[in-house]
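Have the structure open while you read.

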Amino acid sequence: MRILVFSHYPDLAAELVSAGSGLGDVSLLATSDMREAVSGIKGAREILICEGVESGDQETLVELISGLASDFDVILLSGDRRGRELVGQVAHRVGGSSAVDASGLSVSGGNLIVERMTFGGKAIAVEELALPAVVSVQKGKFKPLEEGEPSIREISPPSMERRIQVVERREKPKVGVPLDKADIVVAVGRGFRRKEDLKLAYDLADVLGGVVGATRPVAADLKWMDEEVWIGISGVRISPKLLIVVGASGQQQFAAGIMDSKVVVAINNDPKAPIFEQSDYGVVMDLYEFLPVLTEKLRKLKGV
Amino acid sequence: MDIAVLIKQSLDVQELRVDQDTGKIYVEDAPTKAGDIDLNAAEEAVRLKERLGGKAVALMLSTWGSSGRRQKEAREALTRVLAMGLDEAVLIMGEGAERADTYVVAKALAREIGNRFQLVLAGEGSEDNFSGLLPARLAAELGWPYVAYATSLEVEGDVATVTRSLEDFEEVVKVKLPAVISVTQEINKPRVPKLMEIVKARKKPMDAKNFSSSEEPKVRIRELRVPKVERKRVIIEGDKDEAAEKLIQALKEEGVI
Amino acid sequence: MADFDVIVVGAGPAGSVVSYLLAKKGHSVLTVERGKRPGAKNMFGGRLYSWSLEKVFPEFWKEAPVEREVTREVLGFLHGDRGIEIRLSTRPESRSFTLLRAKFDQWLAERAEDAGAEVVPGFKVEGPLIRDGRVVGVVAEGEEEMESEVVVAADGALSFMAERAGLRPKLSKDDFAVGAKEVIELPKEVIEDRFGLADGEGAAQLYVGDLTEGVVGGGFLYTNRESVSLGVVMRIGSLASKAGEISTSMWEATERFKSHPMIRRYVEGGKLVEYSAHMIPETQFMRGVRLYTDGMVVVGDAAGFCVNYGVTVRGMDFAIESAIAAAEAVHGALERGDTSANSLGEYERILSSGMLRELEAARRAVGLMEDERLYTSIPRMAVRTLEHLFLVNGRPKESLYSFLRREMSEEGISLISALMLGWRALRSL
């Protein structure tokens, strides 16, 4: 089976190569501005470099990938917004099947079998995709390979009429270590009564060297924090070593976003909150009482 | 300018019951409703229409079978967006639709859209599946440009200026209409219809059409199962000092601090 | 011109039946329901006596989503881990059914819709719209005013419609009992086996005893098709006087009830799929309620048409009967073009000749059940007496007579009053 992979992010491209190598021969596609960034990625049979196309140019990417598709059975893309955006367009252009956010991939009976989370995290669907298939892969599910030096092949850009023009690009303010890469995360929910009180969570995160994330109500509805830190099935999915959930009830869509955490601690004053079911350690207490004590003790322990 | 708004009949996942022990997922029992972000798309359509004139039409292809209950839910979901100010609704349902995947649905909706509309708006995903595949496929089927994740939208003449939100940056793009644009929840705050608007919405035209398609779906769901995560579920007792000590001890033993 | 002939607030059984009947007569009806769907907010009321609804929909059980027909009545006394059950197998001429409100209310609301009523769920009505001392419509969520010739308040026990129209005093928590209910799922065959029922047959079982720790109240079990409704009702006044947290005591009483060996065997291995706690109106407070005013009538629980038997609550049949009367009166008033209090007063006149009498009788019976001994001494004595009767341990046994005398003096009850109490209790149930 022949697999084409592409991502705007080199680290995700490496994961895709790994995911694809379980299915067949992998060709990694990169635009010329990514030449350096992908040079260290191992495990692909070849790297296709397209001169004259810039990685931010989604419209051309659709054209480029769709044009290459006839040589491939499966096209893997990454689960970030731009990756997902390509899936449906490319799939339809090549008359193929599609799925997003695959956590598992295999081949059976001439079909691609995809496992993915659905129903807001309440279910895992196993889907049979006819070939050719275009699929985005969930971040963090496949470990980059350490061996296999790819050959490099230069390809030429597609010729096309452009209908979308990018007139401006604004960096978003950085939020430090991205949530999905953090080892320690403190997640805050509606148990905090005021925005200013989130300081209690930041203090705890500081002591532990972690970052702060939020449930959907806090990030998207109350807008107390940036939307980038919204943890959940349709926000960021995290996989820290330690997650401390403070004042969040544990709604299903949040729960689905924290599933891959190693150790989960819940602090909530409602003993019936579902979050306790999803935690390794639970403290049934008012966060306003408990957090300062916990932070202080950790501070002494760490000597900071 | 006439606008089509895609309204997904989304499973209300909040009310979906799953049984951790038996692994049973009670999909049939759960109600359906209009996708949350589809309401933002509807709101944006109403605002554009108020400014620029023309009609805004809701399109739904129901894939939950054609039982009386699912039909009723579909109509209620459409009534809701009509009450927000959309002018008409088209509801496509019938035999075979429950097997339709995004490939088949995109083809069917494209036939409905034809060249009647200059703009198609959709939510970036619906809470039951959150794939965002449909608007992308629809754009490809229609041969129209596609812009996703819109957080603001302006239309002047036949050009739409869209701000779209990506992980690391925002992008402002200009796109020539006709186009398909998917919106995020940040784009606006959907209005809450008044009682009288709901009552009147029920009298707005709702065109029920029979689903027919010669295309075979390309995706088949083989299995649905309940994800399992085993947690220790230890409740730490004691006053705040004791609890904090015990928790720190436990986390040390886990090797995470 | 008013927006509608009639606005009905609430799509429970009373609201839907009144909407159905008036829409069928050709009036324009808007029915507004707070819950996401009709029945979504009504966890209580697991049993319906069919007599009133039959008048509207003859043999409704053939179509409506009822669970089982009650053919088994059980009265139980619990004391410690022991207990007595008195079983009556019956098929009375007037039937009763167990049902799940979420499904049943939905069905009734659909009947109203089919008849032409506009049923809008998920919408809150803030109160009546009052102009010049007359109800002329409702104020909906977001300060929206909707006008109608007549408003029917069918908004349940906590009716703010009736309260804001000045038809009843503000309620205090002493006016309520609390009920907790669990729905426990079990396979159909298991239910039929454990309760000894045939397909479609159902049981209604009531228990008194020390599970409520001396508080007036008790436990109930109703069989549904594939689940059992289990719950506890307790008088809130007496609960409050115990200064404990209401929710905690309710929860504990439910747990005690559920884990009693006699009850446990019915629900063992079942899956808890629903838990709810509700306020249940006491029967007494309704004496001060007026049923109508200019432009408005009050029906069902909102009018206090329910009887709390201590252990169980009966209200749906009265609610439906009051809806039938209200529909008749409102129709008449609309035909006459006079929706004043005087004209709508026909409602009470219809009720007075029928239902109100039965309600009074039921309430008198309940009055007799206020006696706390019914929930403490009687169950205890009953259990101990039977135990004594069946005791065989190889030693000479105290005569039943002397045992009873000793027991009664311990409980401070005379034989006569014990018999009277028992008799009254059984009669009023």
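The B–C contact takes 6 residues from chain B and 10 residues from chain C, where contact means that the C-beta atoms of two residues, placed from the backbone, lie within 7 Å. On the chain B side of it, 4 residues are nonpolar, none is polar and 2 are charged. For these classes, Ala, Val, Leu, Ile, Met, Phe, Trp, Tyr, Cys and Pro count as nonpolar, Asp, Glu, Lys and Arg as charged, and the others, Gly among them, as polar.

Some ground rules: this is a predicted model, in which local features need pLDDT of at least 70 and side-chain atom pairs count only at pLDDT 80 or more, while totals for chains, interfaces and linings use all residues. Residues are numbered from 1 along each chain as its sequence is written, and chains are lettered from A and ligands numbered from 1 in the order in which they are written.

**Where chain A meets chain B**

- Here 70 residues of chain A and 68 residues of chain B take part in the contact.
- On the chain A side, the elements that each supply at least two residues include helix H4 (81-93), strand E5 (97-108), strand E10 (164-171) and helix H8 (287-302); helices (H or I, at least four residues) and strands (E, at least two) are DSSP runs, numbered from the N terminus.
- H4(A) provides the largest share of that side, 10 residues.
- Sorted by class, the chain A side has 33 nonpolar, 14 polar and 23 charged residues.

**A sheet that takes in a strand from chain B**

- Six strands make an open sheet with parallel pairing, in the order E12(A)-E11(A)-E13(A)-E14(A)-E15(A)-E13(B); two strands pair if DSSP finds at least two bridges between them.
- Its edge strands are E12 (211-214) of chain A and E13 of chain B, each pairing on one side only.
- On average, neighbouring strands here are turned by 20° against each other, direction ignored. Axes are lines fitted to C-alpha atoms, for helices over the stretch in contact, and angles run from 0 to 180 degrees between N-to-C directions.
- At the chain crossing, E15(A) pairs with strand E13 (residues 234-236) of chain B in the parallel sense over 3 bridges, and A:Val283 stands opposite B:Ile236.
- Strand E11 (residues 184-188) of chain A pairs with E12(A), also in the parallel sense, over 4 bridges, with A:Ala187 opposite A:Gly213.
- Helix H6 (residues 240-254) of chain B lies across E13, E14 and E15 of chain A together with E13 of chain B, and runs at about 170° to E15(A).

- Chain B has 6 helices and 13 strands, and its C-alpha atoms fill a box of roughly 65 × 40 × 40 Å along the principal axes.
- Of its 257 residues, 49% count as buried, that is, 20 or more other C-beta atoms lie within 10 Å of a residue's own, with C-beta atoms placed from the backbone.
- A mixed open sheet of 10 strands runs E10(A)-E9(B)-E8(B)-E7(B)-E10(B)-E6(B)-E1(B)-E4(B)-E5(B)-E11(B).
- E10 of chain A and strand E11 (206-210) of chain B each have a single partner strand, so one side of each is left without a neighbour in the sheet.
- Strands E4 (residues 56-61) and E5 (residues 88-93) of chain B pair in the parallel sense over 5 bridges, with B:Ala58 and B:Ala89 as bridge partners.
- Helix H1 (residues 36-52) of chain B lies across strands including E1 (3-6), E4 and E6 (119-123) of chain B, at about 150° to E6(B).

**Nonpolar cores**

- The largest nonpolar core has 241 residues, and B:Val5 and C:Val152 have the most contacts inside it. Such a core is a set of buried Ala, Val, Leu, Ile, Met, Phe, Trp, Tyr and Cys residues joined through C-beta atoms within 7 Å.
- Helix H9 (residues 316-336) of chain C gives the most to this core, 12 residues.
- Leaving aside neighbours within four places in sequence, the contacts of B:Val5 include B:Ala41, B:Ala58, B:Val81 and B:Leu121.
- A second, separate core of 58 residues includes A:Ala187, A:Met225, A:Leu287 and B:Leu247.

Key
A residue is buried if 20 or more other C-beta atoms lie within 10 Å of its own, exposed if 12 or fewer, and partly exposed in between; C-beta atoms are placed from the backbone.
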